[in-house]
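User: Please take a close look at one part of this structure, a pair of neighbouring strands and the aromatic rings around them. I would like one connected explanation.

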Amino acid sequence: MKRRPLVFAAFALGPMALLAGCAGPQIFHGQLSSLDKGLSPADVESRLRQPPLASSPVDLGHRRLDVHAYRLNNGLQVDPYYLVYEGSQLVYWGYLSEFRRQPDRDLAEAVGRAQGPLQAALRK
């Protein structure tokens, strides 16, 4: 009989710990449907209802891209999510793995280079 309160406490504290891990500014999957290629950073912030957690310019020599980082709550967990702009226009957005699979290699390289500078902001 003494174990029941402990089991109940474990089940009650588990979701609270999960919620604490999800605290902080984040976007949700439903908000992504409002994004379109060509949007300015200000338009994206308005549609997502928040600024990025961090941004990092990446100079590839022949192209300059700006990578913006958000936290995306997908319903199960919160993961880093990236938006890339070229000439102040949104060109691509997704998880890191999606950047690696799309055909424009420059976008994947830019997000890869921006990882270091953006990681500290995403951990806050």
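Analyst: A residue counts as buried when its relative accessible area is under 20%. That cut-off is used below, and the model is a predicted one.

Start with the strands. Strand β4 covers residues 78-86 and strand β5 covers residues 89-94. The two pair in the antiparallel sense, over five bridges. Together β4 and β5 make a hairpin, with two residues between them. Gly87 sits in the turn and has a positive phi of about 60 degrees.

Now the rings. Searching the whole structure gives two aromatic pairs. One of them joins Tyr81 and Tyr95 in an edge-to-face arrangement, with 5.2 Å from centre to centre and 90 degrees between the planes. This pair links distant parts of the chain: Tyr81 belongs to strand β4, while Tyr95 lies in the loop between β5 and α3 (96-101), 14 residues apart. Tyr81 has a relative accessible area of 5%, so Tyr81 is buried.

The rings of Tyr92 and Phe99 also pair. Their centres are 4.8 Å apart. Their planes meet at 70 degrees, and edge-to-face requires over 60, so this pair is edge-to-face.

How values were computed. Residues are numbered from 1 along each chain as its sequence is written. This is a predicted model: local features need pLDDT of at least 70, side-chain atom pairs count only at pLDDT 80 or more; totals for chains, interfaces and linings use all residues. Side-chain values use heavy atoms; hydrogens and water are left out. Two strands pair if DSSP finds at least two bridges between them. Helices (H or I, at least four residues) and strands (E, at least two) are DSSP runs, numbered from the N terminus. Rings of Phe, Tyr and Trp (its six-membered ring) pair if their centres lie within 6.5 Å; planes under 30 degrees apart count as stacked, over 60 as edge-to-face and the rest as tilted. Buried means under 20% relative accessible area, exposed over 50%, partly exposed in between (1.4 Å probe, protein chains only).
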